[in-house]
Amino acid sequence: MNSRIAGTGGYLPENVMTNADLEKIVETSDEWITERTGIRQRHIAVEGETTCDIAEKAARQAIDSAGLKPQDVDLIIVATTTPDRIFPSTACLLQQRLDIHGCAAFDVQAVCTGFVYALSVAEKFIRTGSATRALVVGAETTSRIIDWSDRTTCVLFGDGAGAVVLEATEAPGILSTHLHADGAYSDLLTVPEGVSQGFEKMQAGDAYIKMQGNEVFKMAVKTLGRIVDETLAANNMEKRDIDWLIPHQANIRIIKATAKKLNMSMDQVVVTVDHHGNTSAASIPLALDVAVRDGRVKRGETLLLEAFGGGFTWGSALLKY
Ligand code: ACO
């Protein structure tokens with residue numbers, strides 16, 4: 001049994017923060033941020049707006065666009081690094097919001113690669129007959145783990161949620177997924193505090209993203225180049241067979257390097273980093289939803305999804321839309 005994307009959805013919090021707004025908070029400039037990252041603005045959840053709140057909006061849209069009702073879903077996976085609670089999982093909270101009861105629901109944590117991990121897991125559930133219609137969500141309120149006095153990270157991230165419904169089908173849909181991780185690099189990109197280290201430390205206010213941006217950048221470019229080759233080889237495909245690259249949106253320079261590796265024109269690359277910033281696990285499903293809704297991505301086309309993030313984790317998915 002194959003699985004195909006039956007519907008997509010996306011949601012961005014209403015509150016927009018521009019580079020000019022950031023100039024008032026830290027020593028930075030619109031010119032630096034735009035040149036080094038391609039980011040012009042990002043959306044930031046308002047106080048009290050949670051990951052589950054925005055996940056619900058994206059999920060309802062995806063279910064709607066698949067022509068289904070929430071109760072048709074029989075698996076829920078939420079990729080997030082910023083869950084509402086330590087437990088229950090955001091997937092369980094979302095399940096309750098959607099008035100779905102009984103099906104498996106769990107979170108996946110692979111930071112910016114989270115959506116690709118979640119999609120891969122859902123695809124395997126469907127292929128083995130354990131689910132027929134999976135709701136796969138990437139949702140983040142990354143602004144909550146940002147140190148707003150650290151200009152090396154606070155300019156990069158944004159909040160948002162994207163979702164797909166993955167449905168069992170006989171025709172080809174997801175062709176292959178490729179997941180990797182290497183914890184040897186855990187200190188280059190991390191929130192160094194956590195529950196099991198004690199709440200006191202977390203409350204001391206160090207539970208924020210720390211990143212050696214330059215090192216991460218070099219590894220991301222090299223690793224994404226390799227995973228592109230791995231994905232094409234696994235499917236006996238050539239670079240020219242890919243219609244659209246839908247990359248994780250961390251930095252326009254990383255995206256351009258991957259497009260170059262694929263000999264793809266930027267016209268075939270979905271870019272949202274300028275408006276969304278880096279929304280971590282939400283960035284790929286959000287970009288996909290944007291390109292489906294504006295009519296660029298059409299049924300039958302071949303899409304390459306790829307991501308790199310904290311862990312390090314990295315992964316790709318090749319699919320017929
Ligand atoms: N405004 C102005 N100047 C700044 C800012 C800022 N916001 N941030 C850093 N600078 C300064 C630095 O202090 C440094 O100054 P110096 O030369 O006087 O020391 C200079 O700019 C250059 O800094 P670099 O870090 O070398 O800049 P770089 O070109 O590498 O760009 C960036 C930084 C944008 C973070 C880039 O390295 C990057 O995109 N890295 C990868 C991010 C990524 O992909 N993360 C993975 C996914 S995220 C996840 O998994 C959660």
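Domain bounds are those of an automatic or database domain assignment. In this predicted model, that assignment divides the chain into domain 1 (2-171) and domain 2 (175-320). Both domain 1 (2-171) and domain 2 (175-320) give residues to the shell around the ligand, so the ligand lies between them.

The C-alpha centres of the two domains are 14 Å apart. Across the boundary, 54 residues of domain 1 are in contact with 45 residues of domain 2. The size of an interface is often given as the accessible area lost when the parts come together. For domain 1 and domain 2 this buried area is about 3,700 Å², with 64% of it on carbon and sulfur atoms. On the side of domain 1, Cys112, Val116 and Tyr117 supply 16% of the area buried against domain 2, which is more than any other three residues.

The shell around the ligand contains 27 residues, of which Thr28, Arg36, Cys112, Asn251 and Gly310 come nearest. Divided by class, the shell has 13 nonpolar, 10 polar and four charged residues.

Two or more residues of the shell come from each of helix H2 (30-37), helix H6 (151-154), helix H8 (213-234), helix H9 (252-261) and strand E12 (302-309). H8 gives the largest share, four residues.

Several backbone features are located in loops. The peptide bond that joins Phe87 and Pro88 is cis, with omega about -5°. Pro88 belongs to the loop between strand E4 (75-79) and helix H4 (90-97). Another cis peptide bond joins Gly311 and Phe312, where omega is about -10°. Phe312 is in the loop between E12 and strand E13 (313-320), and E12 is also one of the elements that give two or more residues to the shell around the ligand. Asn236 has a positive phi of about 50°, although it is not a glycine. The loop that holds Asn236 runs between H8 and strand E11 (244-247).

A side-chain pair was also examined at Asp53, which is located in helix H3 (residues 51-65). The side chain of Asp53 makes a polar contact of 2.9 Å with the side chain of Arg97. With neighbours within four places in sequence left aside, Asp53 is in contact with Gly48 and Arg97.

Technical notes. Residues are numbered from 1 along each chain as its sequence is written. This is a predicted model: local features need pLDDT of at least 70, side-chain atom pairs count only at pLDDT 80 or more; totals for chains, interfaces and linings use all residues. Side-chain values use heavy atoms; hydrogens and water are left out. A residue is near a molecule or strand if one of its heavy atoms lies within 4 Å of it. Ala, Val, Leu, Ile, Met, Phe, Trp, Tyr, Cys and Pro count as nonpolar, Asp, Glu, Lys and Arg as charged, and the others, Gly among them, as polar. Contact means heavy atoms within 4.5 Å. Buried area is the accessible area (1.4 Å probe) that two parts lose on being put together, summed over both. A polar contact is a pair of N or O atoms within 3.5 Å; within protein, one must be able to donate a hydrogen and the other to accept it, and residues adjacent in sequence count only if both atoms are side-chain atoms.
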